[in-house]
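User: I'd like to learn how to read a few features in a model like this one. Can you walk me through them?

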Amino acid sequence: MKYVLIALLKAYRAVISPLYGQVCRYYPSCSAYALEAVTVHGSIKGSWLAVRRLARCHPWAAGGVDKVPPKVQHENKPSPAVPAPSQGA
């Protein structure tokens, strides 16, 4: 699904986006933001971030730089429910 969304976003950027010109209040543009969000975070979270960004893009928005948040790396901690191996002698 991720690659389908990326292909659709690239097609939009190549065909439709040039017809509008420079109208986006944010940097990067909404389509560039969506492309990066889906590439970095995957189809579900990336789409959610793109929808949130589109909702913020309106005539009364201040605009400015709005970068895609970095992907959070979770540490692999052992589960407390799993007992540690015993050191029997």
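Analyst: Let's start with patches: they are made of residues with over 30% relative accessible area and no salt bridge, where like charges are joined within 9 Å and nonpolar side chains (Val, Leu, Ile, Met, Phe, Trp, Tyr) within 5 Å. A salt bridge means a side-chain nitrogen of Lys or Arg within 4 Å of a carboxyl oxygen of Asp or Glu. Areas come from the Shrake-Rupley method with a 1.4 Å probe, and for residues only the protein chains shown count as cover. This is a predicted model, where local features need pLDDT of at least 70, side-chain atom pairs count only at pLDDT 80 or more, and totals for chains, interfaces and linings use all residues. Residues are numbered from 1 along each chain as its sequence is written, and side-chain values use heavy atoms, leaving out hydrogens and water.

User: Which residues make the nonpolar surface patch here?

Analyst: Tyr12, Val15, Ile16, Tyr20 and Val23 make it, with an area of about 510 Å².

User: What makes up the largest nonpolar core?

Analyst: A nonpolar core is a set of buried Ala, Val, Leu, Ile, Met, Phe, Trp, Tyr and Cys residues joined through side-chain atoms within 4.5 Å. Here, seven residues form the largest one: Leu5, Ile6, Leu9, Ala34, Leu35, Val38 and Ala50. Helix H1 (2-15) and helix H3 (30-41) each give two or more of them. In soluble globular proteins, nonpolar side chains tend to be buried together.

User: What does Ser31 touch?

Analyst: Contact means heavy atoms within 4.5 Å. Leaving aside neighbours within four places in sequence, Ser31 contacts Tyr12, Arg13 and Ser17. Ser31 belongs to helix H3, and its relative accessible area is 9%, so it counts as buried. A polar contact is a pair of N or O atoms within 3.5 Å; within protein, one must be able to donate a hydrogen and the other to accept it, and residues adjacent in sequence count only if both atoms are side-chain atoms. The side chains of Ser31 and Arg13 make one at 3.1 Å.

Technical notes. Buried means under 20% relative accessible area, exposed over 50%, partly exposed in between (1.4 Å probe, protein chains only). Helices (H or I, at least four residues) and strands (E, at least two) are DSSP runs, numbered from the N terminus.
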